[in-house]
Amino acid sequence: MLDIFSWSLFVFIIACFGAAMTGAFFGPGKWYEALDKPDWRPPNWAFPVVWMILYGMIAAAGYIVWTSAAPGEATIPMIAWGVQIVLNAAWSPVFFGLRRPDLGMIAVGALWLSIALCIVAFVPVSTLAAGLMVPYLVWVSIAAALNYSVMKRNPNAHELVV
């Protein structure tokens with residue numbers, strides 16, 4: 001039988017899986033492949049590999065804070081964690097689903113900020129959990145730079161029909 005700690009880990013994993021599913025449902029496809037992209041972008045195979053690792057780290061970080069916090073100490077960090085996972089889930093539908101790199105830039109900026117705030121909120125509870133979120137912030141920084149480059153190179157991306 002699962003105890004409360006096992007259930008809470010399961011909830012964090014499911015939340016990350018849900019965010020990942022938006023990326024799977026609203027994937028790059030032909031539209032994205034037709035866009036002008038910078039030469040420095042990571043190879044296509046890197047995205048699912050890196051995200052799988054990051055989602056594990058994101059779930060672990062949330063779980064560590066949830067289980068390590070003193071009574072009443074987890075509220076702000078858990079709100080921050082929830083906000084970042086919702087914003088994470090929103091980017092793919094905005095960028096790929098709506099085909100709007102411009103709106104994707106707003107979404108990824110909000111995501112970046114929410115991750116940074118999550119890290120700050122995690123530090124008083126667990127520096128390990130905060131540290132687990134740092135590679136995520138780095139990857140989203142790269143994603144933001146790529147989003148910006150695609151937006152600048154393809155000002156009419158939303159009109160592209162493939």
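This is a predicted model: local features need pLDDT of at least 70, side-chain atom pairs count only at pLDDT 80 or more; totals for chains, interfaces and linings use all residues.
Me: Which side chain does Asp102 meet in a salt bridge?

Reply: The partner is Arg100, and the N to O distance is 2.6 Å. Arg100 is partly exposed too, with a relative accessible area of 25%.

Me: Why can such side chains pair at all?

Reply: Side chains of opposite charge can do so when their charged atoms come close.

Me: How many salt bridges does a search of the whole structure find?

Reply: The search finds 2 salt bridges. Besides the pair of Arg100 and Asp102, there is one between Asp36 and Arg153, whose closest N and O atoms are 3.3 Å apart.

Me: Where in the chain do Asp36 and Arg153 sit?

Reply: Asp36 is in the loop between helix H2 (29–34) and helix H3 (46–68), while Arg153 belongs to helix H6 (residues 127–153). The two are 117 residues apart, and the pair thus links distant parts of the chain.

Me: And are those two residues buried, exposed or partly exposed?

Reply: Asp36 counts as partly exposed at 37% relative accessibility. Arg153 has a relative accessible area of 38% and is also partly exposed.

Me: What about charge over the protein chain: how many positive and negative side chains are there?

Reply: There are 7 positive and 7 negative side chains. The centres of the two sets lie 11 Å apart.

Me: Changing topic to the fold: how many helices and strands does the protein chain have?

Reply: The secondary structure comes to 6 helices and 0 strands, so the order from the N terminus reads α-α-α-α-α-α. The radius of gyration is 17 Å, close to the 15 Å that the globule rule gives for 162 residues; the chain is therefore as compact as a globular protein of that length.

Me: What box do the C-alpha atoms fill?

Reply: Taken along the principal axes, the box is roughly 50 × 30 × 25 Å.

Me: What share of the residues counts as buried, and what does the surface look like?

Reply: Of the 162 residues, 41% count as buried. The accessible surface comes to about 8,700 Å², and carbon and sulfur atoms account for 74% of it.

Me: Of the contacts between residues at least 6 apart in sequence, what share joins residues at least 24 apart?

Reply: That share is 81% in the protein chain.

Me: Take Ser8 next. Is Ser8 buried or exposed?

Reply: Ser8, which lies in helix H1 (residues 4–25), has a relative accessibility of 7%. Because that is under 20%, Ser8 counts as buried.

Me: Which residues does Ser8 touch?

Reply: Leaving aside residues up to four places away in sequence, Ser8 touches Tyr63, Trp66 and Thr67.

Methods. Residues are numbered from 1 along each chain as its sequence is written. Side-chain values use heavy atoms; hydrogens and water are left out. Helices (H or I, at least four residues) and strands (E, at least two) are DSSP runs, numbered from the N terminus. The radius of gyration is taken over C-alpha atoms; the globule rule is 2.2 Å times the number of residues to the power 0.38. Buried means under 20% relative accessible area, exposed over 50%, partly exposed in between (1.4 Å probe, protein chains only). Contact means heavy atoms within 4.5 Å. Accessible areas come from the Shrake-Rupley method with a 1.4 Å probe; for residues, only the protein chains shown count as cover. Lys and Arg count as positive and Asp and Glu as negative; His and the chain ends are not counted. The place of a charge is taken as NZ of Lys, CZ of Arg, CG of Asp or CD of Glu. A salt bridge is a side-chain nitrogen of Lys or Arg within 4 Å of a carboxyl oxygen of Asp or Glu.
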